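Have a look at the model first, then read on.

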Amino acid sequence: MAALRAPFHVTTLAAGARRALLGSLAGSCLADRRLWDKLHGGPRSGSDPTFDWFFGYEEAQGFLLPLLQEAPAACPLRVLDVGCGTSSLCTGLYTKCPHPVDVLGVDFSPVAVAHMNSLLESGQGQTRLYPGHPASRLQFIQADAQNLGSVASSGSFQLVLDKGTWDAVARGGLPGAYRLLSECLRVLSPQGTLIQFSDEDPDVRLPCLEQGSQGWTVTVQELGPFRGIPYFAYLVQGSH
């Protein structure tokens, strides 16, 4: 199944840089932390301090906000973004979500985590980030998404987000992807929702999720297209 995996779509770099990056990734092991340290430490397009695979918070908010509004009561609702990198997903939820959220972004790249913490501290000449709700919180921690024991207890999050992390891990083999899925479900509350955002076709992804998420409900919704590319939100949910 790994051989059927679609190429990553990178949407926030200039065309020349995007081609060079995709060429580099095609011949690299995406489980190599040094690759991501190099990527996240490189120059950015324009003045945007974040970098997004697939799409960013602006495209995802129409899908995420209704889920946050309908989620079981928790004030603030705890959200985990695994393999957050330097994406706008966490910062967008923190600054633009009208509902109270306690967001934790984890990534195994210390360069990515340092960059995002710098944004929180108004570093790099960036404007201070203000919460969209007075009770909202945001934190970034270096951690391996396949082993979250040091940062997340079982059942402690109502929403877990994975934007491209399964895709990256699975390129090193499905056993690693299943470890990632297992850890996401461990930290998810029994009534919570795991969302995997991907450009991978449901015919490939759904059988994997159904095999690794027995006892959970697995569904898929199409998103976009964004910039001409269709994406999918794979939802793994407990009982509500």
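How many residues does helix H7 have, and how far does it reach from its first C-alpha to its last? Helix H7 covers residues 174–187, which gives 14 residues and a reach of 20 Å. That is close to the 20 Å expected at 1.5 Å a residue, where the expected span is 1.5 Å times one less than the number of residues.

## About the model

This is a predicted model, in which local features need pLDDT of at least 70, side-chain atom pairs count only at pLDDT 80 or more, and totals for chains, interfaces and linings use all residues. Residues are numbered from 1 along each chain, and side-chain values use heavy atoms, leaving out hydrogens and water.

The protein chain has eight helices and seven strands (DSSP runs, H or I of at least four residues for helices and E of at least two for strands, numbered from the N terminus).

## What H7 hides

Of the 240 residues in the protein chain, 50% are buried (under 20% relative accessible area with a 1.4 Å probe, protein chains only). In H7, the buried residues include Leu174, Leu180, Glu183 and Val187. Among the elements covering the buried residues of H7 are strand E1, strand E4 and helix H8.

## Meeting H8

H7 and H8 pack at about 55°, with axes 10 Å apart. Leu174, Tyr178, Leu181 and Leu185 of H7 meet Cys208, Leu209, Gln211 and Gly212 of H8 (contact means heavy atoms within 4.5 Å).

Conventions:
Axes are lines fitted to C-alpha atoms, for helices over the stretch in contact, and angles run from 0 to 180 degrees between N-to-C directions.
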